[in-house]
Amino acid sequence: MPAPRDPFEYAVLRVVPDADRGESFNAGVIVHSRPRRFLAASVALDEPRLAVLAPGCDPGPIRERLAAIERVAAGDPGAGPIAHLTAPERFHWLVSPSSTVVQPSPVHTGLTDDPAAELDRLFRRLVVPPTHGST
């Protein structure tokens with residue numbers, strides 16, 4: 001018998017280094033499942049891609065912003081007052097637009113029996129660039 005599946009919601013984190021040009025690339029995923037009491041984010045900044053889209057852009061602040069999102073999602077007590085909120089409150093705070101450079105996508109939904117595996121699957125599919133020669 002298959003494991004029961006519960007609803008989850010997720011958003012993709014996009015880096016928009018130059019708002020005027022509107023170009024972006026995915027740099028993370030946030031997954032939340034209220035029934036499974038799960039909230040986590042995985043992030044990775046593709047610095048070579050950033051350098052192509054925005055030569056001279058300092059990746060440091062973007063890297064820091066992405067790391068802060070990961071820490072808030074994890075509920076890290078050192079990540080500030082937002083990290084002390086409940087998981088659903090943190091998720092809604094994280095997916096609210098608050099930066100012109102790191103922007104969340106609209107929230108998407110699905111069903112899963114393993115939100116951590118879902119986060120990994122979405123991260124590999126949407127953020128990690130495929131290696132050359134893969135099919």
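Is Ile62 buried or exposed? In this predicted model, residues are numbered from 1 along each chain as its sequence is written, and local features need pLDDT of at least 70, side-chain atom pairs count only at pLDDT 80 or more, and totals for chains, interfaces and linings use all residues. Side-chain values use heavy atoms, with hydrogens and water left out. Ile62 is buried, with a relative accessible area of 6%. Buried here stands for under 20% relative accessible area, exposed for over 50%, and partly exposed for values in between, with a 1.4 Å probe and protein chains only.

Ile62 lies in helix α2. Helices (H or I, at least four residues) and strands (E, at least two) are DSSP runs, numbered from the N terminus. Residues up to four places away in sequence aside, Ile62 touches Val15, Leu45, Leu50, Cys57, Val101 and Val102. Contact requires heavy atoms within 4.5 Å. Pro17 is 45 residues from Ile62 along the chain, and their C-alpha atoms are separated by 9.1 Å.

The chain holds 4 helices and 5 strands. From the N terminus on, their order is β-β-β-α-α-α-β-β-α. The radius of gyration of the chain is 15 Å, close to the 14 Å that the globule rule gives for 135 residues, so the chain is as compact as a globular protein of that length. This radius is taken over C-alpha atoms, and the rule is 2.2 Å times the number of residues to the power 0.38. Along the principal axes, the C-alpha atoms fill a box of roughly 50 × 45 × 25 Å. Of the 135 residues, 38% count as buried. Among contacts between residues at least 6 apart in sequence, 60% join residues at least 24 apart.

The largest nonpolar core has 23 residues. Such a core is a set of buried Ala, Val, Leu, Ile, Met, Phe, Trp, Tyr and Cys residues joined through side-chain atoms within 4.5 Å. Val15, Ile30, Leu45, Leu50, Ile62, Leu66 and Ile69 touch the most other members. At least two residues of this core come from each of β1, β2, β3, α1 (47-53), α2 (59-74) and α3 (87-94). Helix α2 gives the largest share, 5 residues. Beyond its neighbours within four places in sequence, Ile69 is in contact with Leu13, Ile30, Ala41, Leu94 and Val102. Apart from this core lies another, of 11 residues, including Val12, Val29, Leu119 and Val127. In soluble globular proteins, nonpolar side chains tend to be buried together.

Helix α4 (residues 115-126) has 12 residues. From first C-alpha to last, α4 reaches 16 Å, close to the 16 Å expected at 1.5 Å a residue. The expected span is 1.5 Å times one less than the number of residues. Pro115, Glu118, Leu119, Leu122 and Phe123 are the buried residues of α4. They cover an arc of only 130 degrees around the axis, which puts them on the same side of α4. The arc is that of the directions from the helix axis to the C-beta atoms. Their cover includes β1 (6-15), β2 (25-33), β3 (38-43) and β5 (108-112).

Two further residues stand at opposite ends of accessibility. Ser105, in the loop between β4 (102-104) and β5, counts as buried at 4% relative accessibility. Ser105 touches Ala11, Val12 and Arg14, not counting residues up to four places away in sequence. Pro2, in the segment before β1, is exposed, with a relative accessible area of 73%. Pro2 and Asp58 are 56 residues apart in sequence and 48 Å apart in space, C-alpha to C-alpha.
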